[in-house]
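The following note sets out points for a colleague who is examining this model. Please read each point alongside the sequence and the coordinates.

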Amino acid sequence: MRHPFTYNLLNDSLHFNRPASSDSSWKVGLRPPPKDVRPQTEDVTATKGLEFEEMFLRRELLMGIFEAGFEKPSPIQEESIPIALAKRDILARAKNGTGKTAAFVIPSLQQIDVSKNKIQALLLVPTRELALQTSQVCKILGKHMGIQVMVTTGGTTLKDDILRLSETVHVLVGTPGRILDLAGKGVADLSECPVFVMDEADKLLSPEFAPVMEQLLAFLPADRQVMLFSATFPMIVKDFKVSLWTGPFVPDLTTEYAIGKTHEISLRDQSHG
Ligand code: AMP
């Protein structure tokens, strides 16, 4: 169940006019893929009717979204994107298949200045397969923006990564160990990276990864934005959140309220599922 505060925040402080929806000239020459006609569950269909065009996204990003075949934001995207664009931290509970990847990729891409030769979004995932999938989503959605995406995981030579990092990288996607290695060697410069995303945070914060995550965070600027997505919220995620959040507040971990500049999003109460 969504907490009413979620609605209040969206309805009261983030008004969506319909700025770009009447001007669809950016669609000229673009071809969306064939429609997906498979039956969909409520996770995907129970939207409030917000449009991507109402989110004040860059035209080039809207073009990528359109070409990916995304007609309307899914519920997790409706909830997350406006809050993320306001540069608030997010703790979102969402299952795979709900559109959660685009829920953090879209606001991450929106914030990137392609004229700047710096890593500006760090997207951490627990597996190589997920890293490849996530980087693919970045490339598809960022196709018209000129965004340079690099994916790095264990299992490839460090030398290749070092060479790649000598060229422009705006979005770095990967598993924590390899990225820490690159950051520790001074090869991956995260000092101006304002966006830090953890997907499948429950896995990223398992005992195997948690110390690496802590060390990695130290390479990012203090005022970075954190977006944390997880299908479940075990204690380990809640504990980590305490050390992660930078706002001047004491998080109340027993509720799903927005706290300080953090916003918690839950589409479904999955505590039993
Ligand atoms: P994910 O939950 O990120 O694994 O996404 C599940 C699937 O939904 C992927 O195939 C996405 O391409 C697709 N998808 C994500 N957002 C949308 C959207 N707004 N409209 C249609 N399909 C979407």
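Which residues point one way from S6, and which the other way?

1. Strand S6. From S6, Gln 225, Met 227 and Phe 229 point one way, Val 226, Leu 228 and Ser 230 point the other way, and all are buried. A residue is termed buried if 20 or more other C-beta atoms, placed from the backbone, lie within 10 Å of its own, exposed if 12 or fewer do, and partly exposed in between. Because six of the six residues of S6 (residues 225-230) are buried, the strand is largely enclosed by the rest of the structure. Helices (H or I, at least four residues) and strands (E, at least two) are DSSP runs, numbered from the N terminus.

2. Basis of the model. This is a predicted model, in which local features need pLDDT of at least 70 and side-chain atom pairs count only at pLDDT 80 or more, while totals for chains, interfaces and linings use all residues. Residues are numbered from 1 along each chain as its sequence is written.

3. Partners of S6. Strand S1 (residues 89-93) pairs with S6 in the parallel sense over four bridges, and strand S5 (residues 195-198) also pairs with S6 in the parallel sense over four bridges. Pairing requires that DSSP find at least two bridges between two strands. Met 227 of S6 stands opposite Ile 90 and is the bridge partner of Val 197.

4. Strands S3 and S4. Val 149 and Val 151 point one way from S3 (residues 149-152), whereas Met 150 and Thr 152 point the other way, and all are buried. S3 and S4 (residues 171-174) pair in the parallel sense over four bridges, with Val 151 opposite Val 173 in S4.

5. The chain as a whole. The protein chain has eleven helices and seven strands, and buried residues make up 41% of its 273 residues. Among contacts between residues at least 6 apart in sequence, 75% join residues at least 24 apart; a contact requires C-beta atoms, placed from the backbone, to lie within 7 Å.

6. The ligand shell. The residues around the ligand include Glu 71, Asn 96, Gly 97, Thr 98, Gly 99, Lys 100 and Thr 101; a residue is included if its C-beta atom, placed from the backbone, lies within 6 Å of the molecule. Helix H5 (residues 100-110) supplies the largest share of the shell, three residues. By class, the shell has three nonpolar, seven polar and two charged residues. Ala, Val, Leu, Ile, Met, Phe, Trp, Tyr, Cys and Pro count as nonpolar, Asp, Glu, Lys and Arg as charged, and the others, Gly among them, as polar.

7. Helix H3. The buried residues of H3 (residues 59-67) are Leu 61, Leu 62, Met 63, Gly 64, Ile 65 and Phe 66. These buried residues pack against H5 and helix H6 (128-141). Just after H3, Gly 69 takes a positive phi of about 90°.

8. Backbone angles to inspect. Most residues other than glycine have a negative phi. Phe 56, although not a glycine, has a positive phi of about 60°, and is found in the loop between helix H2 (42-45) and H3. Phe 56 counts as partly exposed because it has 13 C-beta neighbours inside 10 Å. Glu 200, also not a glycine, has a positive phi of about 55° and lies in the loop between S5 and helix H9 (201-204). Glu 200 counts as buried because it has 20 C-beta neighbours inside 10 Å.

How values were computed
Contact = placed C-beta atoms within 7 Å.
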